[in-house]
Amino acid sequence: MERKTRTLTVCFVLEKQRPVAGDGEGARGDDGGDGGGVSSSVSYDREVLAARIAKKMEMKRSERFTYLVAAVMSSFGITSMAVMAVYYRFYWQLEGGEVPLTEIFGTFSLSVGAAVGMEFWARWAHKALWHASLWHMHESHHKPREGPFELNDVFAIINAVPAIALLSYGFFHKGLFPGLCFGAGLGITVFGMAYMFVHDGLVHKRFPVGPIANVPYFRKVAAAHQIHHSDKFDGVPYGLFLGPKELEEVGGVEELEKDIQRRIKLSKGS
């Protein structure tokens with residue numbers, strides 16, 4: 001009777017070693033290949049990245065165009081209405097032949113005073129309200145914007161309400177007090193227009209502003225507001241047009257000059 005013998009078979013499976021980037025061998029395998037698979041993978045990743053960047057840039061252009069249309073329409077509408085209101089209000093006042101010098105002087109004086117006063121109001125509200133109890137709305141302005149508008153834009157509408165009310169009352173009534181109300185509303189409107197072009201256009205580039213970007217003081221204002229977004233001096237400056245002065249008071253002149261020089265280099269490079 002023949003004896004059975006048991007056998008044990010051991011199999012070894014050899015796997016080709018994958019190349020590791022940066023190992024000094026480039027993208028070559030054990031057999032001296034040229035790493036075509038890795039090259040195609042890198043090429044595909046680059047194409048995907050390029051497509052994403054192109055899509056993001058297209059969205060950015062679309063957002064800027066949308067906001068530009070809104071800014072131009074609102075600017076043209078508000079400016080034309082304000083000019084017509086000023087013209088017809090004083091035209092009606094001069095119909096009787098007597099020139100109300102006191103009322104005219106009061107109207108234009110308060111318009112200048114209101115425009116300047118709005119800077120101090122905006123500085124106080126920015127610090128005491130927007131960065132405090134109203135942060136849930138203002139926070140959208142300190143985050144990357146998704147779309148042409150942000151929740152923070154509501155504040156512009158809120159500030160427009162008293163301006164419209166004052167202009168309307170002053171337009172449909174005669175006398176010194178209505179004239180002062182008209183001037184206050186006009187000053188708020190002028191400040192709002194200037195704020196939109198410098199803050200939204202120049203600083204945050206939501207629409208092109210043309211030669212405004214080359215005005216030295218406006219460039220200084222833009223640099224100061226950009227420092228506000230960096231939180232380097234506890235949020236200072238909170239104002240806009242007097243922002244550089246605020247930075248001087250907290251020792252931020254050197255940082256301001258650095259940002260101004262950076263902006264000058266960027267403008268020359270473009």
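Of the 270 residues in the protein chain, 31% count as buried. The model is predicted, and its secondary structure consists of 8 helices and 0 strands. Confidence across the protein chain averages a pLDDT of 81, and 78% of the residues reach at least 70. The structure contains 10 salt bridges.

**Overall architecture**

- Read from the N terminus, the elements of the protein chain follow the order α-α-α-α-α-α-α-α.
- When contacts between residues at least 6 apart in sequence are considered, 53% of them join residues at least 24 apart.
- The protein chain exposes about 18100 Å², of which carbon and sulfur atoms supply 64%.

**Confidence along the chain**

- Helix H3 (residues 135-138) has the highest confidence, at a mean of 96, whereas helix H1 (residues 36-93) has the lowest, at 72.
- Over residues 1-5 the pLDDT stays under 50, and the model shows 0 contacts beyond four places in sequence for this segment.
- Residues 18-32 also have a pLDDT that stays under 50, but here the model has 14 contacts beyond four places in sequence.

**Helix H5**

- Helix H5 covers residues 176-203; at 1.5 Å a residue, its 28 residues should span 40 Å, and the 39 Å between its end C-alpha atoms agrees with this expectation.
- Because 21 of its 28 residues are buried, H5 is largely enclosed by the rest of the structure.
- Lys-205, which follows H5, has a positive phi, near 55°.

**The salt-bridge network around Asp-153 and Arg-206**

- A network of salt bridges links Arg-145, Glu-150, Asp-153 and Arg-206.
- Within this group, Asp-153 pairs with Arg-206, with 3.1 Å between the closest N and O atoms.
- This pair links distant parts of the chain, 53 residues apart: Asp-153 belongs to the loop between H3 and helix H4 (154-172), and Arg-206 to the loop between H5 and helix H6 (216-230).
- Asp-153 has a relative accessible area of 18%, which is under the 20% cut-off, so this residue counts as buried.
- Arg-206 is likewise buried, with a relative accessible area of 3%.

**Other salt bridges**

- Side chains of opposite charge can pair when their charged atoms come close.
- Glu-254 counts as exposed because its relative accessibility, 58%, is over the 50% cut-off.

**Nonpolar surface patch**

- Val-112, Val-116, Phe-120, Val-215, Tyr-217 and Leu-242 make up a nonpolar patch on the surface, together providing about 500 Å² of accessible area.
- Helix H2 (residues 101-133) contributes the largest share of the patch, 3 residues.
- Phe-120 is located in helix H2, and this residue is partly exposed, with a relative accessible area of 44%.

Notes
Residues are numbered from 1 along each chain as its sequence is written. This is a predicted model: local features need pLDDT of at least 70, side-chain atom pairs count only at pLDDT 80 or more; totals for chains, interfaces and linings use all residues. Side-chain values use heavy atoms; hydrogens and water are left out. Patches are made of residues with over 30% relative accessible area and no salt bridge: like charges are joined within 9 Å, nonpolar side chains (Val, Leu, Ile, Met, Phe, Trp, Tyr) within 5 Å. Accessible areas come from the Shrake-Rupley method with a 1.4 Å probe; for residues, only the protein chains shown count as cover. A salt bridge is a side-chain nitrogen of Lys or Arg within 4 Å of a carboxyl oxygen of Asp or Glu. Helices (H or I, at least four residues) and strands (E, at least two) are DSSP runs, numbered from the N terminus. Buried means under 20% relative accessible area, exposed over 50%, partly exposed in between (1.4 Å probe, protein chains only). The expected span of a helix is 1.5 Å times one less than its number of residues. pLDDT is the predictor's confidence in each residue, from 0 to 100. Contact means heavy atoms within 4.5 Å.
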